[in-house]
Amino acid sequence: MEVDFKDDEDIARIARGVKVIAVVGLSPNEARPSWGVARYLQANGYRVIPINPGQAGGKILGETVYARLSDIPPMIPVQMVDIFRKSEAVGPIVDEALAHLPHLNSIWLQLGIRNDAAASRAEARGITVIQDRCPKIEFPRHL
């Protein structure tokens with residue numbers, strides 16, 4: 001993979017600046033990548049807000065699970081959304097994040113996930129978008 005210095009600067013700023021991360025598609029199954037990434041984030045001091053419609057109302061990693069980003073109470077200042085969903089599902093998730101998360105400053109699409117149209121909409125609103133990368137891989141260089 002070619003090094004993108006702008007992405008690297010953005011990743012450093014995100015890793016050092018965000019405190020609350022909503023993880024869309026967070027599984028309660030410890031064998032799933034979403035669980036491992038969320039657990040890593042928690043272990044490094046980030047608050048993880050699980051988003052999973054099939055688990056709504058329950059708990060994952062000790063946090064209440066919400067069905068949608070718009071269900072997160074306004075007093076939880078989500079700054080980053082980490083998306084574990086297929087590329088085709090990203091557009092509506094990004095639009096919902098833009099409409100309902102006033103503290104949002106970054107959107108992260110996991111490995112293998114890209115949606116340039118959704119990324120452009122978010123970037124037009126001043127949101128940093130990282131695509132096809134994993135914070136569990138990228139953050140350690142910056143913490």
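Residues are numbered from 1 along each chain as its sequence is written, and side-chain values use heavy atoms, with hydrogens and water left out. Because the model is predicted, local features need pLDDT of at least 70 and side-chain atom pairs count only at pLDDT 80 or more, whereas totals for chains, interfaces and linings use all residues.

Helix 3 (residues 90-100) packs with helix 4 (residues 116-124) at an angle of about 15 degrees, their axes lying 8 Å apart; helices are DSSP runs of H or I with at least four residues, strands are runs of E with at least two, and both are numbered from the N terminus. Axes are lines fitted to C-alpha atoms, for helices over the stretch in contact, and angles run from 0 to 180 degrees between N-to-C directions. Helix 3 is therefore roughly parallel to helix 4, a term that covers angles under 35 degrees. On the helix 3 side, Val90, Gly91, Val94, Asp95 and Leu98 meet Ala118, Arg121 and Ala122 of helix 4, where contact means heavy atoms within 4.5 Å. The residues of this contact divide into 5 nonpolar, 1 polar and 2 charged; Ala, Val, Leu, Ile, Met, Phe, Trp, Tyr, Cys and Pro count as nonpolar, Asp, Glu, Lys and Arg as charged, and the others, Gly among them, as polar.

The largest pocket has a volume of about 180 Å³. A pocket is an open set of points on a 1 Å grid over the protein atoms alone, where a 1.4 Å probe fits, with protein on both sides within 12 Å along at least five of seven lines, and lining residues have an atom within 4 Å of a point; a volume is the space filled by probe spheres set on the points, which are joined across faces, edges and corners. Of its 13 lining residues, Val24, Ala67, Arg85, Ile93 and Glu96 lie nearest the centre of the largest pocket, and helix 3 gives the most to this lining, with 3 residues. By class, the lining of the largest pocket has 8 nonpolar, 2 polar and 3 charged residues.

The second largest pocket holds about 160 Å³ of space, and among the 12 residues that line it, Asp7, Arg114, Val129, Ile130 and Gln131 are the closest to its centre. Helix 4 gives the most to this lining, with 4 residues.

Leucine 61, although not a glycine, has a positive phi of about 55 degrees.

Notes
Angles under 35 degrees count as roughly parallel, over 145 as roughly antiparallel, 65 to 115 as roughly perpendicular and the rest as oblique.
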